[in-house]
Structure formats: structure tokens, C-alpha cells
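Subject: Structure for your review

Dear colleague,

Please find below the structure that I am handing over to you.

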Amino acid sequence: MIWDERTLTIWPLPGVDGIEGLRIIKEIYPETCIIIHTVLEDEDRLFQCLCGGANGYILKNTSFVYLLEAIEHVLHGGAPLSPVIAKKVLRSFQHTTPGRLQYHLTEREKEVLGQLVKGYSYKMIAGSCHISLDTVRGHIRNIYSKLHVNCGREAVAKALRDRIV
């Protein structure tokens with residue numbers, strides 16, 4: 001479900017998962033406040049939602065009163081997280097390695113990776129960077145190779161965990 005502050009409505013997302021729905025709505029209405037209300041606690045989805053612009057992340061096992069408070073917090077500029085989720089976010093910042101890991105990404109690769117982290121599609125990255133779709137694919141291949149990952153989700157997780165961008 002997605003909460004729309006402008007119209008004070010909750011949108012169900014038939015046929016679209018929450019992450020994709022978040023990206024669609026934020027692209028069309030970037031000022032819309034969105035709280036992810038889910039049973040999912042995995043870190044990949046959590047960080048995809050937060051990077052995609054979610055204003056809060058509340059688990060469905062949370063009380064109705066807490067959910068109402070979360071909506072109120074978002075309306076006043078807050079960013080509510082269920083306690084379990086807040087702990088995961090804090091832990092992700094505490095697992096730092098001494099010094100910044102070097103992956104020898106070029107500035108352009110860092111730019112492309114940064115946009116991948118924001119949830120941009122290859123086509124959006126190409127338009128934003130004023131390069132061809134094939135060039136984006138080449139940069140993505142290089143990024144995967146240098147980060148030793150196999151997919152975009154792993155690249156985004158590593159970029160956030162190791163603070164590459």
C-alpha cells in the first residue's frame with residue numbers, strides 16, 4: 001500500500017510490487033510522501049525502498065496506533081521506521097571497513113552507479129548522462145566486473161554498504 005499525503009489516500013498496487021510502484025509514483029509525483037507498509041524485512045528491499053525515495057518503512061506486525069503515528073510523523077517531515085528496520089539501517093552504517101575500499105571505478109562509472117542506486121533504468125541513465133543505451137550497458141558491465149557482482153541489486157547493495165557513491 002502507498003499513502004499519498006496530497007490526497008490523503010492509500011493506493012493498493014495490483015500487478016506491481018511496492019518497489020516498482022514507489023519508483024513510478026516518485027517519478028510522476030516526487031513530492032508525494034510514501035510509507036512502505038510490508039511484511040518484508042530483508043535489507044536489499046529495505047535499501048531499494050529508501051534509495052527509491054520512501055519516507056518511511058513500517059512492518060505490518062506494527063500496531064495500528066504506531067502506523068497512525070508514522071503517518072503523522074511523515075506529514076510533519078519525519079521518517080518513521082519500525083524498530084527492527086531502524087536497527088538494520090543503523091547496523092549497515094556500523095559495518096565500515098578501515099579506509100574506503102577502492103574499486104577503481106571511473107568518474108563516469110561512479111555516476112552511472114549512483115543513478116542505478118537511485119533506481120534509474122538504463123534508459124533513464126542514458127538520457128541523464130547524454131550517452132547511448134549501449135554505452136550504459138558497457139559501463140554497467142565494467143561496474144559489475146570491478147565490484148565482483150552479478151546483477152544490479154548486488155551492485156546497489158555493495159555501493160551502499162561500502163559507500164562507493
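Which residues of H5 are buried? They are Glu109, Val112, Leu113, Gly114, Gln115, Leu116 and Val117, where buried means under 20% relative accessible area, exposed over 50%, and partly exposed in between (1.4 Å probe, protein chains only). These residues pack against helix H2 (43-51), H6, H7 and H8, contact meaning heavy atoms within 4.5 Å. Just after H5, Gly119 takes a positive phi of about 90°.

Before going further, please note the basis of the values. This is a predicted model, in which local features need pLDDT of at least 70 and side-chain atom pairs count only at pLDDT 80 or more, while totals for chains, interfaces and linings use all residues. Residues are numbered from 1 along each chain as its sequence is written, and side-chain values use heavy atoms, with hydrogens and water left out.

Overall composition

The chain holds eight helices and four strands; these are DSSP runs numbered from the N terminus, helices being H or I of at least four residues and strands E of at least two. From the N terminus on, the order of elements is β-β-α-β-α-β-α-α-α-α-α-α. Of the 165 residues in the chain, 38% are buried. Among contacts between residues at least 6 apart in sequence, 51% join residues at least 24 apart.

Helix H7 and the cores

The 15 residues of H7 should span 21 Å at 1.5 Å a residue, and the end C-alpha atoms are 21 Å apart, which agrees; the expected span is 1.5 Å times one less than the number of residues. The buried residues of H7 include His139, Ile140, Ile143 and Leu147, and helix H5 (107-117), helix H6 (122-129) and H8 are among what covers the buried residues of H7. H7 is followed by His148, which has a positive phi near 60°.

The largest nonpolar core has 20 residues, such a core being a set of buried Ala, Val, Leu, Ile, Met, Phe, Trp, Tyr and Cys residues joined through side-chain atoms within 4.5 Å. H5, H6, H7 and H8 each supply at least two residues of this core, and H7 gives the most, with five residues. Another core, of 13 residues, lies apart from it and includes Phe47, Tyr57, Leu59 and Ile85.

Charged residues

There are six salt bridges, each defined as a side-chain nitrogen of Lys or Arg within 4 Å of a carboxyl oxygen of Asp or Glu. One of them joins Asp134 and Arg137, with the closest N and O atoms 3.1 Å apart. Both residues lie in helix H7, three residues apart, about one turn of the helix. Asp134 is exposed because its relative accessible area is 56%, whereas Arg137, at 35%, is partly exposed. In helix H5, Glu107 and Lys110 are likewise three residues apart, and they form a salt bridge with closest N and O atoms 3.8 Å apart.

Lys26, in helix H1 (residues 18-28), is buried yet has no salt bridge. The nearest side chain of opposite charge, Glu31, is 7.8 Å away; here Lys and Arg count as positive and Asp and Glu as negative, with His and the chain ends not counted. The side chain of Lys26 reaches the backbone oxygen of Gly53 at 3.4 Å. Leaving out residues up to four places away in sequence, Lys26 touches Thr32, Ile34, Gly52, Gly53 and Asn55.

Yours sincerely

Terms used: A polar contact is a pair of N or O atoms within 3.5 Å; within protein, one must be able to donate a hydrogen and the other to accept it, and residues adjacent in sequence count only if both atoms are side-chain atoms.
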